[in-house]
Each structure stands twice: as C-alpha cells, then as structure tokens.
Amino acid sequence: MGGSREATSISQARAGATHRWAALVHTDPIAAPDSDRIFVNGQLLQGELVRYDARSGQFRPYLSGVSAGEADFSPDGQWIVYVSYPELTPCRSRIDGSQRIQLTYRPIYATLPRWSPDGKQIAFVGCRGQSVENLHGVSRWRQHAGAFARRPQESDVTWSPDRKQIAFGQPSYGTELGDSNIQICDVTTRKTSVIQGSNAMFSPRWSPEGRFLAALSSDSKKLMRYDFAARQWTEWLRVDDGTVGYPVWARDSKSIYIERFYAAEPSMHTLKLGENKSQPFHSWDGLRRFAGLWGTWSGVAPDGSVLTVRDASSHEIYALELQMP
C-alpha cells in the first residue's frame, strides 16, 4: 500500500558485502548476458512520521520526521512510544524527541506498543523473525522486557483503564476465519480468559472510561463493540466497500477514529456512539504512505491531530558481481 519511486541510478557492490544490504529489499533479479553481473531492484525502506497541520493544510514532519510509526502517547501527553522502521524496534522519548531510548533489541521485534494508563509501563507484542510469540511489558525507564503471557499468535494489545488487565487479539492473517478471538490477561496473575462471543474478531481497543471494547471482524468488514456491563457484543459498523482498520477511541469515549482502506476514497473516519454510519474525518489524497508490518498506519496525537507515516523509501538499481570459487 506504500508508494514507490522510479529507479534513478545504478550502484555497484560486491555480493559478499552483505552489510550494504541490511535495510534493502531486493526484487526482480535479471542476469546480464555474457557477464558475471546480476541487476536487481533495491528498495531502501524509509518512512517519515508526519502530523497534519490544519493551519497550513499540509502534513509536517513530527519528531523531526523520524522513520517510525505505530505511535502511542503517555496519559499526560508528554511521552511517546513508537516503532522504528525498518528495524521494528520500540523506542521511547519525550514528545520533543529528547531523552530517547531504545526499549528492546534484536532478536525481539515489536509491533503496536501501548502505554499503560498510569504511564509507568508499555505493553507490546514481541516477534522473532516471522513468529509472533509473546505479549511483553517494559518499564518506561528501563531497557528490559518481560513476558506478560506466552501464547502463540498474539496481536494488538490494549490496557484496561485501571491497568489491571490487558486485552489482545490474534492477527487476521494465517488463521481460518472464526479461529481468532479476543482474550484478556490479568496483569498480576498472568492468567488469560476468552471474551465470550469474540470468535472471528481481532484488534481490540478498550474505551478510556472502561465501559466498551471495540474490535474488528476477521475480514475487517465490521467494527464490533462489547459492553462489559451487559456482556454483549453489538455490530457497530459494517462496510460494503473496502475494509476497516486501526480503531482509536476519542479521549471522551464518545466516538472512535477508524481507517477506511480500499474504499472509494481511502481516508480516516469518525464514528459516534449511538450511530452506525461513519463520517469522513481526513482524506489521504495526495499523500504517499509507508506500508509497515500491518499496512499503512494512522493515529491521533494528544491534541487531536492526525498522525501517519509518509513513504520516504528510495529505489535504485544495483549491479551485483558474482565471484565464483
């Protein structure tokens, strides 16, 4: 879903210089006739974190345009946690970019970190290579992660407002529709339980006041809402064109922001409680967005402005010289 640039130059490197290719994705290899050279299309993956400036009507670099996304903010709005691209490592800093630290290191990769309601911990799903393994928690001050729960295929965590529980889903890819569900982990006992009726759902989001849990259907066509008091799921939104993604509750818990992917006009929408039709909030027209691990991410800053990642990747053609023994 991210854009690409036309190749503008040819760079040479020996095939043995593997460190040159750490951040490159190679595609479309072509062997040169009567030569020991192979030409490949190399894409240097790079994003730019941007915020929409309503005054100028343009997206401006945020945190100096760091190559990162999947950002979340501390309750007081003074700290940010994000995932760096393309390394997929979680980092924490003040919102002005100062006091930055990397929270974990390889072989653990991170996705969609979430700040605890008391601002003292960050939860995220840890990955090793292609394997989604554990739900982790890390102090905002320490570069150390510990597992909350060791269950396969966790994804997309969200804290309860009292910080005593964490809800998580399972990725919609790689599973049969209906096999995924929403589970809750007790932070103290580490015991997990399945929310009744949550089959074929993922991507949970706890409302700030604690009454509701929003989640997506496995085909991303429906946004569901669970009422903890009534212990009942309700279909909140159904779309016929495109899909729904990246729900973010408004701070007053009265509405939710959602992405409308593959729709006639891909954009961010808002949906109010008591309504079942979303309203356009911001269009992505003219913006080339970076596609991360979970697609093109979007979020909301503490001041209500829209955040996303602009695609700053570059394409070049590389010539590899084969050295036969």
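**Note on the predicted all-strand model**

1. Start at Ile80. Setting aside neighbours within four places in sequence, Ile80 is in contact with Tyr62, Leu63, Ala71, Asp72, Phe73, Cys91, Arg92, Ser93, Arg94, Ile95 and Trp115. Keep in mind that this is a predicted model.

2. Ile80 also belongs to the largest nonpolar core, which has 20 residues. Along with Tyr62, Tyr82 and Trp297, Ile80 touches the most other members. Strand S6 (68-73), strand S7 (79-84) and S27 each supply at least two residues of this core. There is a second, separate core of 13 residues. Ala214, Ile256, Ile258 and Leu271 are included in that second core. In soluble globular proteins, nonpolar side chains tend to be buried together.

3. Secondary structure is quickly listed: 0 helices and 28 strands. Buried residues account for 50% of the 325 residues in the chain.

4. S26 and strand S27 (residues 306-311) run antiparallel and are joined by 3 bridges. Ser298 has Thr308 in S27 as its bridge partner.

5. On contact range: take contacts between residues at least 6 apart in sequence. Of these, 40% join residues at least 24 apart.

6. On surface: the chain exposes about 16100 Å². Carbon and sulfur atoms supply 47% of that area.

7. Confidence needs a caveat. The chain averages a pLDDT of 80, and 78% of the residues score at least 70. Where is confidence lowest, and where highest? Strand S1 (residues 10-14) is lowest, at a mean of 30; strand S20 (residues 222-227) is highest, at 98.

8. Two stretches call for care. Over residues 130-136 the pLDDT is below 50, yet the model gives this stretch 39 contacts beyond near neighbours in sequence. Over residues 139-153 the pLDDT is again below 50, with 61 such contacts in the model. Where pLDDT is low, the predicted coordinates should not be read in detail.

How values were computed:
Residues are numbered from 1 along each chain as its sequence is written. Side-chain values use heavy atoms; hydrogens and water are left out. pLDDT is the predictor's confidence in each residue, from 0 to 100. Helices (H or I, at least four residues) and strands (E, at least two) are DSSP runs, numbered from the N terminus. Contact means heavy atoms within 4.5 Å. Buried means under 20% relative accessible area, exposed over 50%, partly exposed in between (1.4 Å probe, protein chains only). Accessible areas come from the Shrake-Rupley method with a 1.4 Å probe; for residues, only the protein chains shown count as cover. Two strands pair if DSSP finds at least two bridges between them. A nonpolar core is a set of buried Ala, Val, Leu, Ile, Met, Phe, Trp, Tyr and Cys residues joined through side-chain atoms within 4.5 Å.
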